[in-house]
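Keep the model open beside you and try each task before reading on.

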Amino acid sequence: MPVDHSNEPPRWRVLKFGGSSVAHPEHWPHIAASVRAARQDGVGVVVVVSALRGITDLLLAQTTPETAQTVTDVLTTVAERHQTLARALGAPTADLDALLQALKTRLEHPQLHSDPAAQAELLAQGEWLSSHLTVSLLEHLGVPSRWLDARELLICPGDARRPGPGQYLSAHCPAQPNPGLASRLAAEADCFVMPGFLAANARGEMVLLGRGGSDTSATCAAAVLEAERVEIHSDVPGLFSADPRRIPAARLLKMVSYREAQELAAMGAKALHPRSLIPVTHYRIPLWLRQVDRPDLDGTRITPEARDHGAQVKAIVQRKGMTLIALEGIGMWQQVGFLADIFAEFKTLGLSVDQVSTSESNVTVTLDPGANITDQATLRELKRRLERHCRVDILTDCATISLVGLGIRTILHRLGPALEVFEQRRIFQVSQAANDLNLTFVVESRHADRLVQQLHQQVIPGGVGGDSVFGPTWEQLFRDTGPVRVQKAWWRRQAAALEARLEDRDCAYVYNLAEVRAAAGRLLGLDSVDRVLYSMKANPHPAILAALAECGLGIECVSVNEARHALASAPSLAIENMLLTTNFAGRTELREALAMGLKITVDNVYILEHWGHELAGREIFLRLDPGSGLGHHKMVRTAGSHAKFGIPLTELERARRLAEAHAIRITGLHAHTGSGILHPDNWHRTLETLGEAARELKDVRVINLGGGLGVPERADELPLDLAALDAGLQKLKNDLPRPVQVWLEPGRYLVSQAGVLLARVNQTKGKGEVRYVGLATGMNSLIRPALYGAWHEIVNLSRLDAPGDHVYNVVGPICETGDILGLDRLLPECREGDVILIANTGAYGAAMASRYNLREPAEELVFEEDSET
């Protein structure tokens, strides 16, 4: 029924639900409850919905010939997604037939690949379908509603002439209050469902609101209706003081100002799009961010009242992939119009400048990849144009780190100690926003995660909530029930046995051989892979080498000493099942390897050119550099011009000629792009690249795709999809011009999750709000956190089932500031003698240990599920 507002203006509330929210059946009771609660407050409700997650991407692919599927396939996918959701809730689906027919018509538009108006019509269909389905689902759940065409509320004036592509696909909607429309709708019904993302232009045509379009639809509708507030419901409860998936100690921001929210969104916060804040800021409409399946959480409120909290850093945010451009020249000093000429070059190439800093002889700017096309061709052309004016240096793979909050300038003196984290880190640019809302540093991307973590600890107050700005941490909110769900790792099943296994030791690595064998079994089950070799540098423990050799794996080693150790440790290992891949090793080591009968991988043309006679008449593999590297950290990316490994593809012909000159047969090609990779596309691309290279080398019969297979470090990370890896490799393998064997040589994948580091608590300490728990070992046993900023799960094994109620920095006894194993970890109260477990330490733990400070690293123990040795 319509709301009776008597003589007072109608009251409205806008509720927006994102694509992830509406796609899951289990969310719909919460959606219905939220709408029902708003109606019980006596307000009219407009529900704005996005397309079901993934539908818009599917439709977008149809606008490009290279990615388009058949119309039948697209219609089948779209229909199944919507019908499956309706069936899961027991709701009818009959109304979808006409909508799917309309979608078919738009998919078959003859100018779909070139006409932006046709593209806008197609891309709007995701929201068109989901909004009509929402009416049906709400009705089924006891919440009657009416469908509302967004084009009634949202009009984008555009150009009086034929609008350009941007005005169809990323239109600007200057929403203004319309009391007459608000009253008319209130007289018709008290609940409407409106598709997000779309609007109308002055000609009445369909236009889209671009990135973040559904959020913008909601806030624009709120402006038109003069709503009392907007609520955006998604899969997170709001804004946090840092990226919570990287920093579990990030705290929920309970209240921020419009300007702070705008700054956070612009600087990289993912919870909302900057454009969506414009209407609510202008009309001072409160905006609440909520989590759809956690109605018990208040979330983040963006309101004018947030100014009352005064000067304070609210969040530390980062953006990676930034490009920094430094312009230098004494001629720019006092030169009238220099900056105008420089920025004209950016404008010509359609590049939007992000940060700017200037001095008498230097101008430094950054480009955000989210707003620009920054491929190598564009950057080369930009450099050519800018060099007309001054000297130019372009640095890619940079990151911005921003401290965001009101009144930054007034608290710089308090931030001084925190900025010591930048000591010995190269800072390319520092900028302080004129609006006094952020202080931003441009650094190398590889340092960004660690710097954000350290800054967050220094600047953001700790605790468990209770003040008006900062709420609980992400880990406190979701440790047991939310997106970060604890996985039942083997060490949880064996907690008591592990603690007993430590006996009277202060620390020890423990390896579960059953887990090692299980990981090996998964890889041996891949149909597309002919041989699996263990990259033993990950963990050369004799029991692990013996177990993997017994499973049928070969061994890949990077030194002759590793090869000797493997042969001594694994009685079943034959020399022909080994591969040696050295890097910048000496001539003597090469001779020793040949004398042992090891198969050799050559990763430098220098060896063929200067030592070729040593290899005369032999078979070798070549390690090639495919040109780019991947991995969880810059220092583990092993391909690309900044990595020391491999022969560039441009030198392949030279390598072939040198090999022929010495009667050397190249029988295998090898590439390894990095470590900790969780996307199967990496090995697919490598096989494609090496397969092309093999066309030029008639003797190649093996393509070794290297390792780098990652394992999830955090509970919210998905494991590598081995089925997708296998299917893709098999298809590419079948397309190769001649039969070849495909090899893999993983290390980390086989042993990381099988190993844990146990260490007793020596002491605890409190320094202000910071708490430390000091363990019996540190970076002398596990250097990865200090070296890579690696994250490992840490638990108190002695109190495994106790709730976490203290935030600790977990440190070791080494005399180094960097002796940190984990920052800001939520643990039960830790006491002297407790056993702390650090997970996923089976790879590159003991193998990289040292006797620094003359402290012995952790002993290594082997654990079997049924017996211990």
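Helices (H or I, at least four residues) and strands (E, at least two) are DSSP runs, numbered from the N terminus. This is a predicted model, in which local features need pLDDT of at least 70, side-chain atom pairs count only at pLDDT 80 or more, and totals for chains, interfaces and linings use all residues. Residues are numbered from 1 along each chain as its sequence is written, and side-chain values use heavy atoms, with hydrogens and water left out.

**Exercise 1.** Find where Arg284 lies, and decide whether it is buried or exposed.

*Solution.* Start with the place: Arg284 sits in the loop between helix H13 (277–283) and strand E11 (287–291). Next, the backbone: its phi is near 55°, a positive value in a residue other than glycine. Finally, Arg284 has a relative accessible area of 54%, so it is exposed (buried is under 20%, exposed over 50%, partly exposed in between, with a 1.4 Å probe and protein chains only).

**Exercise 2.** Work out how H5 and H7 are oriented to each other.

*Solution.* First, take the angle: helix H5 (residues 96–107) and helix H7 (residues 125–140) pack at about 175°, with axes 10 Å apart. Axes are lines fitted to C-alpha atoms, for helices over the stretch in contact, and angles run from 0 to 180 degrees between N-to-C directions. Then apply the cut-offs: under 35 degrees is roughly parallel, over 145 roughly antiparallel, 65 to 115 roughly perpendicular and the rest oblique. H5 and H7 are therefore roughly antiparallel.

**Exercise 3.** Locate Ala663 and describe its phi.

*Solution.* Ala663 is in the loop between helix H26 (652–661) and strand E27 (665–670). Phi of Ala663 is near 55°, a positive value in a residue other than glycine.
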